[in-house]
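Colleague: I would like to know what stands behind the words used for this model. Please set each value against its cut-off.

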Amino acid sequence: MTRNMGYALLAGLAAIVVLVSTAVFIGVGSDDGSLDGTSQGARDNAAPASSGSWVGTWSAPAVAAEPETQAGFAKMSIRNIVHTSVGGTGARITLSNLYGTKPLTVTHATLALAAAPSNPTAATGTMRRLTFDKDRSVTIAPGRTVTSDPVRLNVPHAADVLVTTYSPSPSGPVTYHPYARQTSYVAQGDRADETSGTAFTQQSPYWRYLTAVDVWTNEARGAVAVLGDSITDGITSSPGANRRWTDFLAERLRTERDAPSYSVLNGGISGNRVLVDGSRYSPNNGPSALTRAERDVLSRTGVKAVVIEMGLNDIIKPPRRHNADQIVDGLRQLVKAAHARGLRVVGGTLTPFGGHRGFRPQLDATRQQVNEQIRSGKVFDAVVDFDAALRDPANPSRLRPAYDSGDHLHPSDNGYRAMAEALDLKQLRGSGPART
C-alpha cells in the first residue's frame with residue numbers, strides 16, 4: 001500500500017466517523033433543544049443521551065377554579081416561576097385544566113431558567129419551546145392534564161425555572177394553586193418566548209395551570225412526595241425565599257452524607273383535610289386527601305416514599321371531627337393506597353395550636369388522641385414527631401415562640417426548618433406495610 005493510498009483510507013474512515021456522529025446527534029436532539037421525535041411519543045423512554053431517569057423536581061396540586069376567571073386569560077401569557085429540588089439534563093412539564101369548564105388551548109409554551117431568583121427574565125441561551133406529541137399547540141379538555149414532550153436543558157438544583165403559556169381564546173375558569181409564596185407574572189399578548197421579561201409587568205401570587213416539572217437526572221434516584229395541608233404548603237414562609245419545610249428537606253437530601261438521593265415534591269394544600277372535600281371554588285380547601293392522594297402525590301414521577309402531614313384541619317375546621325378514630329382510619333386508608341404502589345409512608349404527628357382562634361381544650365384532646373395512635377407505630381411505616389419538634393416545653397399545647405409565625409398555628413421559617421430537621425432521613429428508605 002502506497003503512502004497516498006494510506007492517507008486516502010484514513011480520510012475515508014474519518015468521513016464515516018463524522019457521518020455516524022452527525023446521524024447520532026441529529027437523532028438525539030434538534031436546534032430548539034427538543035429531544036428525538038421518535039422518542040417523544042413514548043415519553044418515559046425519551047431522554048438525553050446520558051444515563052439517568054425521569055424524576056419530579058417540583059410539583060404543586062391543582063386546588064380550585066380561580067375566582068373571576070370565567071374568560072380565562074385569553075390573549076395573555078402566564079409566566080410561572082417554580083423552584084427545582086434536583087437538577088437534570090432535560091425537562092418536561094404538566095399542565096392541568098382540572099377545574100376548567102371549557103377546553104383550554106395553549107398555542108405557545110416555553111421553558112427557561114430564570115436569570116435571577118424570582119425574576120421573569122430568562123437566562124441567556126436557556127429558552128426552549130415546548131411541544132405536545134410533537135405539536136406546538138395543545139388543547140386540554142376540562143378535567144384533564146397533559147405532559148409536554150421533553151426538551152434538552154441543563155437544569156441546576158435549587159434553581160428558578162420559568163414556564164410560560166399563551167392562550168389565544170377564552171377558556172373558562174383557570175385551574176390554580178393560590179398560596180404559592182412565589183411571585184409569577186402575566187403579560188399581554190404572546191410573549192412566551194420573550195427572554196427580557198420586560199413585558200411581564202403584572203405580578204401574580206398564584207401558580208396557574210402548571211402542576212409539575214420533571215427532569216431527566218442522574219442526581220436523584222427517586223422522589224419523596226409530601227401530602228399535607230397549609231403547613232406543608234408553607235403558607236407563612238417568607239415569600240420568594242423557598243423556606244417551606246419541604247424546601248429545607250430538599251436541602252438536607254442534597255447536602256447530607258448518606259442521605260437518600262431523592263427530590264422533594266410538595267403536595268400541600270392550605271386548609272386541606274383528610275376526610276372532607278372543599279368547595280370547587282374555595283381558594284383554600286381543595287379535595288380531601290382521600291380524594292386527591294393518587295393524583296397529587298402517589299402518581300408523581302419517580303416517587304419512592306411518601307410523608308403525610310395532615311389531620312389538624314379535620315379537628316379545627318367545620319364540620320369538626322371529634323372522634324380521633326375517624327381521622328386515624330382516614331390516615332390508614334392513605335397508607336393502604338401508598339402501599340398498593342409499593343411506597344413507604346412516614347407519618348407526622350399533629351402540631352400544637354394553643355393560642356390560635358380555633359383552639360378549644362376538647363379539640364386539643366382529640367389532637368393528642370390522634371398523636372397517641374400515630375406514635376404507637378400502628379398507623380405509618382415510620383413516624384416523624386412534628387409535635388415534639390415544634391411545641392413549647394413550658395406550654396406543650398402551644399408552638400415554641402421562636403417557631404411561631406405569629407398566628408399560633410403555622411410555623412415561622414425557623415419552625416419549618418425544625419420540621420425538616422426532625423425527619424430521620426433513613427426512614428425514607430425501604431418499604432413495608434404498617435403494622436395493624
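Colleague: What share of the residues of the protein chain count as buried?

Modeller: Of 436 residues, 55% count as buried, where buried means under 20% relative accessible area, exposed over 50% and partly exposed in between, with a 1.4 Å probe and protein chains only. This is a predicted model, in which local features need pLDDT of at least 70, side-chain atom pairs count only at pLDDT 80 or more, and totals for chains, interfaces and linings use all residues. Residues are numbered from 1 along each chain as its sequence is written, and side-chain values use heavy atoms, with hydrogens and water left out.

Colleague: What pLDDT does the protein chain average?

Modeller: The average is 89, and 86% of the residues score at least 70; pLDDT is the predictor's confidence in each residue, from 0 to 100. Over residues 1-47 the pLDDT is below 50.

Colleague: Why does methionine 419 count as buried?

Modeller: Its relative accessibility is 0%, and the limit for buried is under 20%. Methionine 419 therefore counts as buried. This residue is found in helix α10; helices are DSSP runs of H or I with at least four residues, strands are runs of E with at least two, and both are numbered from the N terminus.

Colleague: Which residues is methionine 419 in contact with, leaving aside neighbours within four places in sequence?

Modeller: They are Ile231, Trp245, Glu309, Phe386, Leu390 and Pro411, contact meaning heavy atoms within 4.5 Å.

Colleague: Why are α4 and α10 called oblique to each other?

Modeller: Helix α4 (residues 245-255) and helix α10 (residues 413-422) pack at about 50 degrees, with their axes 8 Å apart. Axes are lines fitted to C-alpha atoms, for helices over the stretch in contact, and angles run from 0 to 180 degrees between N-to-C directions. Under 35 degrees counts as roughly parallel, over 145 as roughly antiparallel, 65 to 115 as roughly perpendicular, and the rest as oblique. The pair is therefore oblique.

Colleague: Which residues meet where α4 packs on α10?

Modeller: From α4 come Trp245, Phe248, Leu249, Glu251 and Arg252; from α10 come Asp413, Tyr416, Arg417, Met419, Ala420 and Glu421. The contact divides into six nonpolar, no polar and five charged residues. Ala, Val, Leu, Ile, Met, Phe, Trp, Tyr, Cys and Pro count as nonpolar, Asp, Glu, Lys and Arg as charged, and the others, Gly among them, as polar.

Colleague: What do the buried residues of α10 pack against?

Modeller: They pack against α3 (230-233), α4, β19 (303-309) and α9 (386-390).
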